Amino acid sequence: MESKVEPKLENMGNLVRSHTCGELRPSSVGQRALLMGWVDRRRDMGQIIFIDLRDREGITQIVVRSDADAEAHRTAEALRPEYVLAVEGTVVARDPQTINPNLPTGEVELLADRIYWLNDSQTPPFELTDDVRAPEELRLAYRYLDLRRPKMQRNIRLRHAVSWAIREYMNQQGFLEIETPFLTKSTPEGARDYLVPSRVQPGRFYALPQSPQLFKQILMISGFDRYFQIVRCFRDEDLRADRQPEFTQVDIEMSFPQREVLFGLIEGLMVKAFACANVTVTTPFPRMTYQEAIERYGSDKPDTRFGLELINLSDLFRESEFRVFKDIVQKGGYVKAITVPSGGRYSRKELDDLVEVAKQFGAQGLLWVRPDGDGVKSSFPKAVTEETLRAVLRRAQANPDSLVLIAAGALKNVSEILSGLRLHLGRRENLIDNGRYNFLWVTEFPLFVYDEKERRFMAMHHPFTAPLDEDIDRLTTAPEAVRAKAYDLVLNGMEIGGGSLRIHRQDHQRTIFQALGIRKEEAEEKFGFFLNALQYGTPPHGGIALGLDRIVMILAGEKSLREVIAFPKTASATCPLTQAPSSVSPAQLSELRIQSTDTE
């Protein structure tokens, strides 16, 4: 009687994989093959055991028959999900009734005559499937398992494909990829810097770059003419689904640019990148000024896949009997509205819910009006005449089934309220076509915004953005009216890139610093090296930074950047996998001349 030998782990030895698990086809029938991968599923039918063997390229069904190889069958009996195998055998055609049309390898299977058990695995804490229901924190703690899921594999492969396409395209356009420093000088004029203490210069700190902005401008001064870099950047800011403390951008700068030349370059880049996901991009992209975007959509990154554009009603209430709106308009505020074509069917509860939604975006209230047979129905006070309400309906081009939603206040507040409400209604009414990719260039941003907390003007983009030539004279007399040579690339309501033509003259750069309230001594301390460089024949130049994470997120159809980054941080900027950030030893702090005030 034959003694039963228990299977055991084996060394890989000299084994060489002949095919991936997604490679075998009917043309391979009759060939010998050696596959390596993980056990995805195992189905024990007694004398026959089926194993789905998985690697990053796909799945191949393995057939292990007891009458073909008893030892291989004994090994197969011991296997569990995520065990690592090498399997040797012959490629055979599947019976027609067992063909799996959902797998590229579904017409063939590997009849195993030797299984090498290379490693075992504990039972994963969640199923490694696309419809995983595990909490995100758990998925990130076991990211090495989460990344085995087919969707995550697809997302990371897509990211690679997009990055590769970008590099090929930029090389074809004559751009050089040049690395810039990660340890650099803190120049806080935007988000908070991540600081790195210097051991050899006690009491001094590097900063991790929020952007290679000054270095890429210096590269233009250096004569490199066309630069790009797929670069990691860092910002110590509050996080959202579309933000990470460390992120990747496609950084681009060129000398002697015209804006339209740069736009054409980036549009061509988008064509190449989106082709990686079989998305056809039509060029040229529409253009819209910042002012038009705010007037029509209440946002400088409007989603143009649907309507519900904002309607200005301010003039109708300038001399209105409704004193609240009248006072707002006469003090420089606005009354604006959105027309919901089928909103006339909303119940009173649904209308109250919309008011609550508006409050989430900063509204103190929200008024509405709609046709009611031959009359008008509204939430306005009775003091407002039917004549005024009918004028509102005419301006809003309301049909008998329409609902007009109205907000009033300062332009910024009204824009934020109605922009947020517009997106909410677009989703609620199924007005957004998720299969469309609407690109938009938004141009002529204000150069400055006034910060009430700081009581000074701040750069809307950054302080190295050039003003429009025709607005230069307003820098000292009316800085709030100065428009910038800045532009954002918007896709489906999300900013995926921002750039500008830069200041290339030292005198203009000093004027901008002055307008921003940066004293001469402060400017020298923070930017002296750059101001000095501007004196040595700086060419006109400009560029853009594109968010690679966001682009891939949109292409993958994901709602969070974390789904397209291999090792992301959580919303609290922590890494559940490595437990970073973590404490360090007193000896390390002492060496850096740092004393921690943390009492926990």
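The charged end of R422 is placed over the ring of F306, 3.9 Å from the ring centre. A charge sits over a ring if NZ of Lys or CZ of Arg is within 6 Å of the ring centre and within 35 degrees of the ring normal. R428 lies over the face of Y346, and here the distance to the ring centre is 4.3 Å.

The model is predicted: local features need pLDDT of at least 70, side-chain atom pairs count only at pLDDT 80 or more, and totals for chains, interfaces and linings use all residues. Residues are numbered from 1 along each chain as its sequence is written, and side-chain values use heavy atoms, with hydrogens and water left out.

Rings of Phe, Tyr and Trp (its six-membered ring) pair if their centres lie within 6.5 Å; planes under 30 degrees apart count as stacked, over 60 as edge-to-face and the rest as tilted. By this rule there are 21 aromatic pairs. One of them is Y142 with Y144, edge-to-face at 6.1 Å centre to centre and 70° between the planes. Y142 is partly exposed, with a relative accessible area of 31%, and Y144 is partly exposed at 47%. Buried means under 20% relative accessible area, exposed over 50%, and partly exposed in between (1.4 Å probe, protein chains only).

F325 and F380 also form an edge-to-face pair, 5.8 Å centre to centre with 85° between the planes. This pair links distant parts of the chain, 55 residues apart: F325 is in helix α8 (residues 323–330), F380 in the loop between β15 (375–378) and α10 (386–395). Helices (H or I, at least four residues) and strands (E, at least two) are DSSP runs, numbered from the N terminus. F325 counts as buried at 6% relative accessibility, and F380 counts as buried at 8%.

F274, F285, Y437 and F439 form one aromatic cluster.
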